[in-house]
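Thanks for coming, everyone. Please look at the screen, and I will walk you through a few charged pairs and a helix packing.

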Amino acid sequence: MTRTIILVEDHAPVRELYAEALRGAGWRVIERASAQGLLTLIRHESADAVVVDWTLPGPSGLEALRAIKNDRATRHVRVLVLTAHSASSLREAALAAGAEVFLEKPLRPDALLTALDPCYAARHDTGAVGSVS
């Protein structure tokens with residue numbers, strides 16, 4: 001069974017890099033440059049997970065996370081938050097709002113895959129180190 005992930009990242013080269021890695025790992029990837037309409041999309045596509053950048057045009061990643069976790073129909077969806085900012089207050093806010101994982105960029109694609117599926121690291125050990133926080 002194919003798992004579906006929504007990747008919300010406004011920087012196209014980063015989004016494409018992560019989307020390619022996710023597809024290579026067997027995910028069905030839906031790419032978005034903003035969080036606008038994200039709840040409807042999650043419901044319509046029966047998403048298993050969302051990777052959302054903290055800083056986005058329109059609703060922020062934190063606003064999107066809160067909306068996902070406050071909605072009965074979507075609160076079960078795993079949410080991973082990406083950010084280029086390393087402040088501990090951002091991590092605390094994301095985790096308090098319900099994020100399963102808080103990831104700091106730059107982030108290697110294999111580190112994203114490991115965050116989604118810890119077994120991935122064991123199956124694809126390349127000795128590479130990612131920046132998972």
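Start with lysine 69 and glutamate 100. Their side chains meet in a salt bridge, at 3.0 Å from N to O. A salt bridge here is a side-chain nitrogen of Lys or Arg within 4 Å of a carboxyl oxygen of Asp or Glu. Side chains of opposite charge can pair when their charged atoms come close.

Which parts does this pair tie together? Lysine 69 lies in helix α3, and glutamate 100 lies in the loop between α4 and β5 (101-104), so the bridge joins parts that are 31 residues apart in sequence. Helices (H or I, at least four residues) and strands (E, at least two) are DSSP runs, numbered from the N terminus.

Is lysine 69 buried or exposed? It counts as buried, because its relative accessibility is 15%. Glutamate 100 has 36%, so it counts as partly exposed. The cut-offs: buried is under 20% relative accessible area, exposed is over 50%, and partly exposed is in between (1.4 Å probe, protein chains only).

A word on the source. This is a predicted model, where local features need pLDDT of at least 70 and side-chain atom pairs count only at pLDDT 80 or more, while totals for chains, interfaces and linings use all residues. Residues are numbered from 1 along each chain as its sequence is written, and side-chain values use heavy atoms, with hydrogens and water left out.

Back to the charges. How many salt bridges does the structure hold? Nine. One of them pairs arginine 91 with glutamate 104, at 3.6 Å from N to O. Arginine 91 is partly exposed at 25% relative accessibility. Glutamate 104 is buried at 17%.

Next pair: aspartate 110 and arginine 108. Their side chains form a salt bridge at 3.2 Å, N to O. Arginine 108 is partly exposed, with 43% relative accessibility. There is also a network of salt bridges, and it links Glu9, Asp53 and Lys105.

Now the helices. Two packed helices are described by the angle between their axes and the distance between the axes. Helix α3 (residues 61-70) packs with helix α4 (residues 88-97) at an angle of about 20°, and their axes are 9 Å apart. Axes are lines fitted to C-alpha atoms, for helices over the stretch in contact, and angles run from 0 to 180 degrees between N-to-C directions. So α3 and α4 are roughly parallel to each other. Angles under 35 degrees count as roughly parallel, over 145 as roughly antiparallel, 65 to 115 as roughly perpendicular and the rest as oblique.

Which residues make the contact? From α3 come Leu62, Leu65, Arg66 and Lys69, and from α4 come Ala93, Ala94 and Ala97. Contact means heavy atoms within 4.5 Å.

Last stop: valine 52. This residue is in strand β3 (residues 49-53). Valine 52 is buried, with a relative accessible area of 1%. Not counting residues up to four places away in sequence, valine 52 touches Val8, Gly61, Ala64, Val79, Leu80, Val81 and Leu82. Valine 52 and valine 81 are 29 residues apart in sequence, yet 5.1 Å apart in space, C-alpha to C-alpha.

To finish, the whole chain. The protein chain has six helices and five strands. Buried residues make up 44% of its 133 residues.
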